[in-house]
Amino acid sequence: MASPAVRPAAKKKRAKSATKSFWRRIREPLAKSRFAKGAIASLFAGALRFIKLTNPYAKGSLELAGGGYADSEPLIIGLWHGQHLLAPALYPSRRGLVAMVSRSADAELNALVINKFGIEAVRGSGGRDAKRVEKGGATALIGLKKALEAGKNVCMIADIPHGTPRDAGMGIVLLARLSGRPIAPAAIATSRRKVLEKSWDKTTINLPFGRCAIFLAPLIEVPADADDAEMERKRQELTAAINYATEQAYRMVDGDK
């Protein structure tokens, strides 16, 4: 006979398995339904607006260390995977924004959500190698470059999907070189959050009724004539800068914790 301590664990495991099985059954029909995708995107957008509304900015938020923000636009905003979920709701609408979104089927919902905030999406993925930008990344980079030339800001998730988390890829650095526009290393944090520890990027779900902080580190310029060695140096500089921005954002919302 199973002990009382074993029964709850077994029930929890069965419930988790049933949830996964249910999601697999409905995932494909949902993916094919424009109405379902639109409805889910609206729900997510509403949730993000509610989280923004219930998270006032912490003291020191919205700083741009080392220089003015508006005078340097249009910018390439760089964020980490898993730390960017609240970004669409926090972006001010005074200047257009175009964001790169993965070409995967799952990421289509992300594109629909950001569209609810008036943010345009281009589909692609930044590559690990400046000479080989993968998964439609080359086409996406062209789209982002055109957006910058039109005076819009652009946003890229700097690390590579399912690669090394919080290690910048070369795609965002290449865009800076091609466009001549600076990169703004950025981070967003909330004091109330749920970290999905088993996810590859430690995806962080922002929760309501806390404090929010946005931090922008000093801008990074990439020379038009940067060679491979300089590109790698800039990639490492960007990695350190976004990590610094992340530390500062969490410091602002967590205080002395």
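Reader: What percentage of the 257 residues of the protein count as buried?
Author: The model is a predicted one, and the share is computed from its atoms. A residue is called buried when its relative accessible area is under 20%. Among the 257 residues of the protein, the part that counts as buried is 43%.

Reader: How many helices and how many strands are there in the protein?
Author: Both kinds of element occur in this chain. The strands come to nine, and the helices to seven.

Reader: Is strand S5 mostly covered or mostly open, and how many of its residues are buried?
Author: In a regular strand the side chains alternate between the two faces of the sheet. On one side of S5 are Asn153, Cys155 and Ile157, and on the other are Val154 and Met156; all are buried. Strand S5, residues 153–157, is thus mostly covered, the buried residues being five of its five.

Reader: Which residue of S5 is the bridge partner of Leu79?
Author: Strand S2, residues 76–79, pairs with S5 in the parallel sense over four bridges. For Leu79, the bridge partner in S5 is Ile157.

Reader: Which residue of S5 is the bridge partner of Val98?
Author: Strand S3, residues 97–101, runs parallel to S5, and three bridges join them. Within S5, Val98 has as its bridge partner Val154.

Reader: Which residue is joined to Pro74 by a cis peptide bond?
Author: Most residues other than glycine have a negative phi, and most peptide bonds are trans. Pro74 is found in the loop between strand S1 and S2. The bond in question has an omega of about 0°, and the partner of Pro74 in this cis peptide bond is Glu73.

Reader: Is His162 buried or exposed, and what is its relative accessible area?
Author: His162 is placed in the loop between S5 and helix H6. Its phi is positive, about 60°, although His162 is not a glycine. A residue is exposed when its relative accessible area is over 50%. His162 is therefore exposed, with a value of 66%.

How values were computed: Residues are numbered from 1 along each chain as its sequence is written. This is a predicted model: local features need pLDDT of at least 70, side-chain atom pairs count only at pLDDT 80 or more; totals for chains, interfaces and linings use all residues. Side-chain values use heavy atoms; hydrogens and water are left out. Buried means under 20% relative accessible area, exposed over 50%, partly exposed in between (1.4 Å probe, protein chains only). Helices (H or I, at least four residues) and strands (E, at least two) are DSSP runs, numbered from the N terminus. Two strands pair if DSSP finds at least two bridges between them.
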